[in-house]
Amino acid sequence: ATARFAAAEVRTRSLRVSHAFHSALMAPALDDIRRFASSITWSTPNIPVLSTLDGAPIGERFADPEYWAAQARGTVHFAR
C-alpha cells in the first residue's frame, strides 16, 4: 500500500506504537486495558460511533471495558 501511495505522490509515514495492536501480541496487555477502561467515567457518545470490530454502532458498549479489550485485540474490518 505504501508504494501505491508513493506512486500517487501521497506522503505516508509509519506510526510508532508500543504494541502490535489488533493482533494476538496484545494478549499480555488486555488486563491493563480492561483495568484502565474500568477507571474512566464513560458516557454514550452524542454522535454515532461505529465499531471497527463489527461495523455496528458502539452505543452502550462504549462504557464496557470488555469492548475496549476486544477492540485492541480484534481484527479491524474497514471493508464492512
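Predicted model: local features only at pLDDT ≥ 70, side-chain atom pairs only at ≥ 80, totals over all residues.

Residues are numbered from 1 along each chain as its sequence is written, and side-chain values use heavy atoms, with hydrogens and water left out. The pLDDT is the predictor's confidence in each residue, from 0 to 100. Its average over the protein chain is 89, and 98% of the residues score at least 70. Confidence is lowest in helix α1 (residues 2-7), with a mean of 88, and highest in helix α2 (residues 30-38), at 96. Helices here are DSSP runs (H or I, at least four residues), numbered from the N terminus.

Two packed helices are described by the angle between their axes and the distance between the axes. For α2 and helix α3 (residues 65-73), the axes come within 8 Å and cross at roughly 140 degrees. Axes are lines fitted to C-alpha atoms, for helices over the stretch in contact, and angles run from 0 to 180 degrees between N-to-C directions.

Which residues of α2 and α3 meet? Leu30, Ile33, Arg34, Ala37 and Ser38 in α2 meet Pro65, Glu66, Trp68, Ala69, Ala72 and Arg73 in α3, where contact means heavy atoms within 4.5 Å.

Trp68 is found in helix α3. Leaving aside residues up to four places away in sequence, Trp68 touches Ile33, Ala37, Trp42, Arg61 and Phe62. Trp68 and Leu30 are 38 residues apart along the chain, and their C-alpha atoms are separated by 8.8 Å.

The structure holds four salt bridges, each a side-chain nitrogen of Lys or Arg within 4 Å of a carboxyl oxygen of Asp or Glu. Arg35 and Asp32 meet through their side chains in a salt bridge (2.5 Å, N to O). Both lie in helix α2, three residues apart, about one turn of the helix.

Definitions and conventions
Helix = DSSP H or I, 4+ residues; strand = E, 2+ residues; numbered from the N terminus.
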